[in-house]
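Work through the exercises below with the model open. Try each task before reading its solution.

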Amino acid sequence: MTTMTTTQTPPAVTETAVLQATGVTMRFGGLTAVRDVDLTVNTGEIVGLIGPNGAGKTTFFNCLTGLYVPTEGRVAYKGTTLPAKPHLVTKAGIARTFQNIRLFANMTVLENVLVGRHTRTREGLFSALLRGPGFKKAEAESKERAMELLEFTGLAAKADHLSRNLPYGEQRKLEIARALASEPGLLLLDEPTAGMNPQETRATEELVFSIRDQGIAVLVIEHDMRFIFNLSDRVSVLVQGQKLVEGTPAVVQADERVIAAYLGTPMEDSPEDECLDAVEAAESAAASHRAAAAGTGAGTGTGTGAGTGTASGTSSGTGTNTGAGTDTEDHQEDTK
Ligand SMILES: Nc1ncnc2c1ncn2[C@@H]1O[C@H](COP(=O)(O)OP(=O)(O)OP(=O)(O)O)[C@@H](O)[C@H]1O
């Protein structure tokens, strides 16, 4: 009998755990989007989070970053339980990017990164806006750090460009630069290569390795299986809100349950067995739509040994934020 079990027992608190999510459950009315999920990310690790469309990956991210208050469970950063408030989560040391790019379209590239600095400046966002005492010194330091991050992400030459004028791949890089501006210990990336061409995807892989090499742990959601299996030290698979399996890329790729989940084979004892075919059909339609919207052509999936290739393009658009705020703002209306 195939059951929705994990291959690991709930992890014990360790000194090396940067993130420790324990028993996280998120219900929306009658729908349980995330069910009793444990996940640990250790210092120096890149962990991949994969699963079919609708598996609960983004909902889980939203629970980690305080956008959602989990129905049950606990999220701890370096041993301290986090409050479910996005700005406090960022301040604690977790930064994220979103599936749908959320840049301030009419701000320059540099200004977008500076916005991401505000949790690390003593002056705070309002003092910055009011140009209060101490602002100039803090501003100079912030600018210096922001330029370093633009160098790091390869965007320094475009510091004065409006973010809306950047090519798509560079907008995604800018989101990463802005997230890094809060000096996180853990970076959460939600589909960082969505809509990218193969060269941009490869460059993003290198960028994520460099981020890890700087001592920042990374948790990444991605549909591009080649990217995720190249990149990750460990991969965790969510299916229908539950963790199905977790392990090294080799272990996960060889796991028959993962293949079944991606191919839509019904799992016994699952309350939603009958939905799997519908989910598969919807997933395939969405993938074609995304690939078409991204101009990459349908069926540009990156197959794996596990037969889990999926289209990697999406129709993610550029955010049109116009007010002050950060990537951790409580955008309840768009939590992707
Ligand atoms: N705010 C919400 N209210 C009600 N249902 C929601 C909400 N957010 C997500 N869901 C549902 O929870 C389930 C999990 O969605 P989620 O977006 O987390 O999946 P995902 O794995 O990130 O999917 P994808 O790969 O397509 O982004 C879906 O059935 C979705 O419709």
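## Exercise 1: a positive phi

D36 is partly exposed: 17 other C-beta atoms lie within 10 Å. The scale runs from buried (20 or more other C-beta atoms within 10 Å) through partly exposed to exposed (12 or fewer), with C-beta atoms placed from the backbone. This is a predicted model; local features need pLDDT of at least 70, side-chain atom pairs count only at pLDDT 80 or more, and totals for chains, interfaces and linings use all residues. Residues are numbered from 1 along each chain as its sequence is written.

Task: Find the place of D36 and state its phi.

Solution. Start with the element: D36 sits in strand β2. Helices (H or I, at least four residues) and strands (E, at least two) are DSSP runs, numbered from the N terminus. Next, read the backbone. D36 has a positive phi of about 55°, although it is not a glycine.

Task: Treat E183 likewise: which loop holds E183?

Solution. E183 lies in the loop between α6 (168–180) and β7 (186–190). Its phi is positive, about 55°, and E183 is not a glycine either. E183 counts as partly exposed, with 15 C-beta neighbours inside 10 Å.

## Exercise 2: strand β7

Task: Is β7 mostly covered or open? Which strands are paired with it?

Solution. Count first: five of the five residues of β7 are buried. Then split by face. L186, L188 and D190 are on one side, L187 and L189 on the other, and all are buried. β7 pairs in the parallel sense with β6 (residues 94–96) over three bridges. R96 has L188 in β7 as its bridge partner. β7 also pairs with β8 (residues 217–221), again parallel, over five bridges. There, D190 stands opposite I221. The chain runs from β7 through α7 to β8 in a right-handed β-α-β crossover. Right-handed means that, with the strands pointing away from the viewer, the path from the first strand over the helix to the second runs clockwise.

## Exercise 3: the ligand shell

Task: Which element gives the largest share of the shell around the ligand?

Solution. List the shell: F28, L31, A33, G51, N53, G54, A55, G56, K57, T58 and T59. β2 and α1 (57–64) each supply at least two residues. The largest share, three residues, comes from α1. By class, the shell has four nonpolar, six polar and one charged. Here Ala, Val, Leu, Ile, Met, Phe, Trp, Tyr, Cys and Pro count as nonpolar, Asp, Glu, Lys and Arg as charged, and the others, Gly among them, as polar.

Conventions:
A residue is near a molecule or strand if its C-beta atom, placed from the backbone, lies within 6 Å of it. Two strands pair if DSSP finds at least two bridges between them.
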